[in-house]
Amino acid sequence: MRFVMRHAEAFAFLAVAVAVLALSAHYGWADMIVNGELFDQVDALLAAHPIEAALLYLGISLVACVALFVPVAVPAVAGGLIFGAVWGTVLCWVSVVAGSVLGFAISRFFLKDSIKPLLARNRKLNSLFFEGVERRDVYLLALTRLTPILPFNIQNFAYGVTDIAFVPYFLYSALFLLPGTAICTLGAAGLSGGEGSVICFAIAGALLLLSIAVAVILKRSEGRMRETG
C-alpha cells in the first residue's frame, strides 16, 4: 500500500490510459480516425463552416496523437487531403506541437518522479537523459523529431521523464516537427491531384533530404561533443 501511495500519480496515469484505450477498442475511436471516418466529417463541414472544420480537425488530431496513440502520419495525410498543402501543414503542425506539449506535461507531472529513479540506475540512460542533458537537448530533439527513431506519441511522454526544460523542449520540438509534418501534408496534397501536385512532391522531397542531412550533421556533432567532454 505504501508503494502505491508513493507512486500514486503514475498509477493514476496508468489507470486512465488503460481505461481510454479500452474504451477506444470497444467503441472503435482509433479505427474511426485511421479509416478516415471522423475526418470525412471535417471535409463535409469545410465548405460551409471552415473555422469549425479547422477546430474539429485540431481536436481530432490532438486526441489521436495524445490519447489514442494513432500515428501522427494519419492526421497529417488527412490535413493535406482536406485543407491542401498550406493550411493542411499549418493546422497539422499546430496540432502535433500542441500534442507534444500536452504529452510532455502529463508525463512530467504523473510519471517523472516514479520513472526517473529507475532509468537513472542505468549508466548509459542516466548520461543520455539526465546528466548534462541541457547541453544536448537540441541534438536529442533534432534526431528524434527529424527521424522516426521512436513513435511520436512515445517521444512526448519519454521527454517528460527527462530533465529537459520545458522552453527548449517546446521551441526545438516546434522547429523540428515542421519538416516531417510538411512532408506528409504536402505529399497528401500532391496525391489529391491538381495543378500544384508536382510542386508539392518536389518540396516534400527536398524537405526529406534536408531533414536527413540535418539529422546526420547533428548526430556527428553530438558525438564529437560527447567525446570532448
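Figure 1. With a relative accessibility of 7%, R145 counts as buried (buried means under 20% relative accessible area, exposed over 50% and partly exposed in between, using a 1.4 Å probe and protein chains only). This is a predicted model, in which local features need pLDDT of at least 70 and side-chain atom pairs count only at pLDDT 80 or more, while totals for chains, interfaces and linings use all residues. Residues are numbered from 1 along each chain as its sequence is written, and side-chain values use heavy atoms, with hydrogens and water left out. R145 belongs to helix 9, which spans residues 137-146 (helices are DSSP runs of H or I with at least four residues, strands are runs of E with at least two, and both are numbered from the N terminus).

**Figure 2. The side chain of R145 has polar partners in Q155 and N156.** Follow the side chain of R145 to that of Q155, and you will find a polar contact of 2.9 Å. A polar contact is a pair of N or O atoms within 3.5 Å; within protein, one must be able to donate a hydrogen and the other to accept it, and residues adjacent in sequence count only if both atoms are side-chain atoms. The side chain of N156 also makes a polar contact with the side chain of R145, at 3.0 Å. Beyond its neighbours within four places in sequence, R145 is in contact (heavy atoms within 4.5 Å) with residues including S100, F152, Y159, Y169 and F176.

Figure 3. Once neighbours within four places in sequence are set aside, L23 is in contact with G28 and W29.

**Figure 4. K112, K116 and D163 form a network of salt bridges.** The count of salt bridges comes to two (a salt bridge is a side-chain nitrogen of Lys or Arg within 4 Å of a carboxyl oxygen of Asp or Glu). In one of them, K112 meets D163 at 2.8 Å, N to O. K112 lies in helix 7 (residues 112-120) and D163 in the loop between helix 10 (152-161) and helix 11 (166-191), so this pair ties together parts 51 residues apart in sequence. D163 also forms a salt bridge with K116, with their closest N and O atoms 3.1 Å apart. That pair links distant parts of the chain too, since K116 is in helix 7 and D163 is in the loop between helix 10 and helix 11, 47 residues apart.

**Figure 5. Helix 4 packs against helix 6 in a right-handed crossing.** The axes of helix 4 (residues 37-46) and helix 6 (residues 73-110) come within 10 Å and cross at roughly 20 degrees. Helix 4 and helix 6 are therefore roughly parallel (angles under 35 degrees count as roughly parallel, over 145 as roughly antiparallel, 65 to 115 as roughly perpendicular and the rest as oblique).

Conventions. Axes are lines fitted to C-alpha atoms, for helices over the stretch in contact, and angles run from 0 to 180 degrees between N-to-C directions. A crossing is left-handed if the near helix is turned anticlockwise from the far one by less than a right angle, and right-handed if clockwise.
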